[in-house]
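I opened this entry to look up how the parts of the chain are arranged and where they touch. I begin with the terms and then turn to helix pairs and domains.

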Amino acid sequence: MRTISHFINGQHSSRPGAVTSPVYDPNTGRVQAQLELGDAAIIGEAVAIAKSAQPAWAAITPQQRARVMFKFKVLIEEHMQELARLMSSEHGKLLDDSLGELQRGLDVVDFVCGVPHLQKGEFTRGAGPGTNVYSIHEPLGVVAGITPYNFPAMIPLWMLAPAIAVGNAFILKPPSRTPSVTVRLAELALEAGVPAGILNVVHGGKEVGEAITGHPDIKAVSFVGSTAVAKSVYARGAATGQRMQCMGGAKNHGVVLPDADLDQVVADVLAGAFGSAGQRCMAMPVIVPVGQKTAEALRERLLREIPKLKIGGASDPGAQMGPVVTAEHKSKIESYIQMAVDEGADVVIDGRGRSLPGHEEGFFLWPTLIDHATSSMKSYQEEIFGPVLQIVRAETFEEALSYPSDHHQGNAVSIFTRNGDAAERFVGKVAVGMVGVNVPMPVPVSYHSFGGWKDSAFGDLNQYGEDSIRFFTRTKLVTQRWPRGGPGVD
Ligand code: NAD
């Protein structure tokens, strides 16, 4: 059986006798590889290597680093199909979904190809008599990323591309359920010209994560994962003076006003709620129709359309939804559906208890639709992270606005309407970090930035965009005055 090992100092780094954990193929339910798990000592080793490699990488010109990032981008483009297959085989998302994810990651690599411009400082001539002021954005040294299973390529690229482009060395701890694609990306980065030791991948779980947060030679940690872990990782790292950005979970709402184009809304809701089997932090697992007439019309359309969704393996042509990542995660989702039943919600389509012919052992669930969910229900308050769509009915615009605003998660929200005034009021008032207007998953483009509010993100700077350049550099401000005159001048 294949063993997946660490990638340190430009090489695969296997440790005989290491503790391993199984990596499943969710499409078949079979174990397809064993992942070697690291520990604090391996983190220490990787950090020491990164620390000695980083100064030379930081010393070359920004333009030279940009050229390496450009080569990296081209290599990823050349290997898209291979990378997508690798991801789909461990995550279960459809091949097209994996390709889309890679493109989103590539967009950030594209963005950092402009690093000479992004990293250049500001300059004021004549800030005082004979005085100039300028700023320099220096890399931090060794920085790290801890990433979630559901975007095994995109989120590492969000972090490592800006971190390396500005001159840092990077330690990446990928998730144990979907680790392979990150190792392949590290190989491609090396081939592109990222020097050995600048991008190191160390596998593992909590122990390795905890060795990263608080490590005295790791100056910043970018984390994406569930809220509970994000919150504790943020507190642990910040207490030791590490710069932290920790993105957490989500419960994104789609508010549907009576004037919305319901056919379009249903198409968007199906993609938002069931794409990637609901395992996206930008998924839309809650819809809030305004008025009973809107709710009934939406429910009727969803009852008609949801059963038509084709469930299949990640590489099945025509499949619209694949399996979830593990048997354990499938049970967790099922327990939330049961919780909704017990709490008195109306489970109108129950996705449990079916199996896919030819994939009987795969981790498949069918889409679930729950009506009459309310804000007091635990199944509404908590993130389910599966193919489960909840309808929370509202009587008025203000009531609909209150659900996403009062929810403890604040990653994303969408409003569907033809009324520009209502949309503007919603955008202005809603207490959520990323807002869509007639857009189901408002993921900002790579030259803006990505981040939620409340329990969806801890820290001040967002992922990618100019925020990422600020996050991975520290600013030095120089105020400079030269004596007037001198030999040959006056
Ligand atoms: P998770 O929190 O279980 O794990 C995330 C990462 O943290 C993994 O690499 C894991 O090994 C590591 N980890 C676990 N315990 C740790 C500890 N004590 N210290 C340091 N690291 C530790 O999340 P997951 O199940 O892999 O991913 C799904 C979650 O991620 C969902 O909640 C989803 O909403 C969230 N997510 C959020 C965003 C966002 O941008 N807000 C994006 C994608 C996913």
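I call a crossing left-handed if the near helix is turned anticlockwise from the far one by less than a right angle, and right-handed if clockwise. Helices here are DSSP runs of H or I with at least four residues, numbered from the N terminus. I noted that this is a predicted model, in which local features need pLDDT of at least 70 and side-chain atom pairs count only at pLDDT 80 or more, while totals for chains, interfaces and linings use all residues. Residues are numbered from 1 along each chain as its sequence is written, and side-chain values use heavy atoms, with hydrogens and water left out.

Entry on α2 and α4. I looked up helix α2 (residues 62-78) and helix α4 (residues 95-112), which pack at about 160° with their axes 9 Å apart; axes are lines fitted to C-alpha atoms over the stretch in contact, and angles between N-to-C directions run from 0 to 180 degrees. The angle makes α2 roughly antiparallel to α4 (under 35 degrees counts as roughly parallel, over 145 as roughly antiparallel, 65 to 115 as roughly perpendicular and the rest as oblique). Their crossing is left-handed. I found the contact (heavy atoms within 4.5 Å) to be made by Met69, Phe72, Lys73, Ile76 and Glu77 of α2 and by Leu102, Leu106, Val109, Asp110 and Val112 of α4.

Entry on α3 and α7. Helix α3 (residues 80-91) and helix α7 (residues 180-192) pack at about 160°, with axes 8 Å apart, and are therefore roughly antiparallel to each other. I listed Glu82, Leu83, Leu86, Met87 and Glu90 from α3, with Ser180, Val181, Arg184, Leu185 and Leu188 from α7, as the residues that make this contact.

Entry on α10 and α11. The axes of helix α10 (residues 262-274) and helix α11 (residues 292-305) come within 10 Å and cross at roughly 55°, which makes α10 oblique to α11. I recorded this crossing as right-handed.

Entry on the domains. I found the chain divided into domain 1 (2-248 + 456-478) and domain 2 (253-437), with bounds that come from an automatic or database domain assignment. Their centres, taken over C-alpha atoms, are 31 Å apart, and the contact takes 21 residues from domain 1 and 27 residues from domain 2. The area buried between them is about 1800 Å², of which carbon and sulfur atoms give 55%; buried area is the accessible area (1.4 Å probe) that two parts lose on being put together, summed over both. In domain 1, I noted that Asn27, Leu94 and Ser456 lose the most area to domain 2, together 30% of what that side buries.

Terms used:
Helix = DSSP H or I, 4+ residues; strand = E, 2+ residues; numbered from the N terminus.
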